[in-house]
Amino acid sequence: MKKDIVLVTGASGGIGRAISLAFAQKGCQVALHYNRNRGPAQGAAKEIAAQGGRASCFQGDLTEEEGVNRLFAQVEAELGPVSVLVNNAGIAWQGLITDMSLADWRRVLDTNLTSVFLCCRRALPGMVRKKRGIIINISSMWGQQGASCEAAYSAAKAGVIGLTQALAMEEGPSGIRVNCIAPGVIDTPMNSRLSEAELAALAEETPLGRLGLPEEVAQAAVLLAENQFITGQTLGVNGGFVMG
């Protein structure tokens with residue numbers, strides 16, 4: 001993996017940052033993507049550099065085809081072709097579906113699902129030419145088991161799982177592996193919208209009795225990248241919250 005160029009989308013978030021650091025520690029050159037939140041992505045890149053790794057930051061709106069094409073062009077020009085793509089960018093929306101506007105629905109679906117399609121479509125031709133490539137999509141346990149008041153998020157993350165399976169079938173003959181991680185409740189800024197009582201209740205509902213760590217999701221991503229005979233799978237990193 002030392003020669004791999006890894007693009008991590010949504011690298012300014014807790015899980016994206018941890019994944020970026022984990023791949024850098026394996027000797028990969030990491031492209032950290034962000035859209036609006038530049039500071040944390042730059043902080044992660046500096047941390048990687050301080051540890052002797054190689055990382056660069058790139059901005060892009062992944063809900064637009066032009067933004068995705070521009071992002072990949074910049075990464076390719078500075079670092080080279082992407083050989084490992086981690087589709088991690090995402091947003092949440094919580095509330096009754098009857099209170100959700102069509103604009104909100106589209107924003108959640110575009111950010112969590114359409115972006116994955118656009119990034120995969122842009123990365124795949126180069127991977128196919130080389131007969132080698134790794135795609136890791138970050139879904140959610142709510143994509144496996146729908147969550148009340150998170151209909152759009154659940155639908156988008158379920159779509160990520162379906163897309164992962166379809167691409168694994170489609171691209172396997174070209175030597176490309178496509179897998180998915182479905183995190184449970186992870187201690188990240190995205191979950192800061194939840195109260196302490198709500199987080200405590202979710203931890204209690206988790207068989208292992210605690211929230212997950214971003215580093216534990218990152219370890220799963222490295223595992224899926226390194227194992228050459230895993231494709232089309234959804235790996236739950238959820239403390240047993242969802243099983244099967």
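Predicted model: local features only at pLDDT ≥ 70, side-chain atom pairs only at ≥ 80, totals over all residues.
Residues are numbered from 1 along each chain as its sequence is written, and side-chain values use heavy atoms, with hydrogens and water left out.

Helices (H or I, at least four residues) and strands (E, at least two) were taken as DSSP runs and numbered from the N terminus. Two strands were regarded as paired if DSSP finds at least two bridges between them. On this basis, 7 strands form an open sheet with parallel pairing, in the order S3-S2-S1-S4-S5-S6-S7. Strand S3 (54-59) and strand S7 (234-237) stand at the edges with a single partner strand each, so one side of each lacks a neighbour in the sheet. From one strand to the next, the twist averages 20°; axes are lines fitted to C-alpha atoms, for helices over the stretch in contact, and angles run from 0 to 180 degrees between N-to-C directions.

Strand S1 (residues 5-8) pairs with S2 in the parallel sense over 4 bridges. Within this pairing, leucine 7 has alanine 31 of S2 as its bridge partner, and valine 8 is partnered by leucine 32. Strand S6 (residues 176-183) likewise pairs with S7 in the parallel sense over 4 bridges, and the partner of proline 183 in S7 is valine 237.

Burial was assigned by relative accessible area (buried, under 20%; exposed, over 50%; partly exposed, in between; 1.4 Å probe, protein chains only). In a regular strand the side chains alternate between the two faces of the sheet. In S1, Ile5 and Leu7 point one way and Val6 and Val8 the other way, and all are buried. In S2, 6 of the 6 residues are buried, so the strand is largely enclosed by the rest of the structure. Both of its faces are covered, with Gln29, Ala31 and His33 on one side and Val30, Leu32 and Tyr34 on the other.

H4 lies across strand S4 (84-87), strand S5 (133-138) and S6, and runs at about 175° to S4. H6 packs on the sheet and touches S5, S6 and S7, its direction making about 160° with that of S6.

Individual residues were then considered. Isoleucine 5, in strand S1, is buried at a relative accessible area of 8%. Neighbours within four places in sequence aside, isoleucine 5 is in contact with Gln29, Val75, Leu79, Gly80, Pro81, Val82, Ser83 and Val84. The C-alpha atoms of isoleucine 5 and glutamine 219 are separated by 18 Å, the two residues being 214 residues apart along the chain.

The loop between H5 and H6 contains cysteine 149 and glutamate 150. Cysteine 149 is partly exposed, with a relative accessible area of 31%, and has a positive phi near 65° in a residue other than glycine. Glutamate 150 counts as buried at 7% relative accessibility. Residues up to four places away in sequence not counted, glutamate 150 touches Trp93, Gln94, Gly95, Trp142 and Arg193. Lysine 131, in the loop between H4 and S5, also has a positive phi, near 60°; at 54% relative accessibility, lysine 131 counts as exposed.

Pockets were located on a 1 Å grid over the protein atoms alone, as open sets of points where a 1.4 Å probe fits, with protein on both sides within 12 Å along at least five of seven lines; lining residues have an atom within 4 Å of a point. Grid points were joined across faces, edges and corners, and a volume is the space filled by probe spheres set on the points. The largest pocket holds about 1,200 Å³ of space. Its lining comprises 48 residues, of which Ala89, Gly90, Ile91, Ala92 and Met190 lie nearest the centre. Elements giving two or more residues to this lining include helix H1 (14-25), strand S2 (29-34), helix H4 (102-130) and helix H7 (196-205). The largest share, 5 residues, comes from H4.

By class (nonpolar: Ala, Val, Leu, Ile, Met, Phe, Trp, Tyr, Cys and Pro; charged: Asp, Glu, Lys and Arg; polar: the others, Gly among them), the lining of the largest pocket has 18 nonpolar, 22 polar and 8 charged residues. The second largest pocket holds about 270 Å³. Of its 16 lining residues, Pro81, Val82, Gly126, Met127 and Lys130 are the closest to its centre. H4 gives the most to the lining of this second largest pocket, with 7 residues.

Definitions and conventions. Contact = heavy atoms within 4.5 Å.
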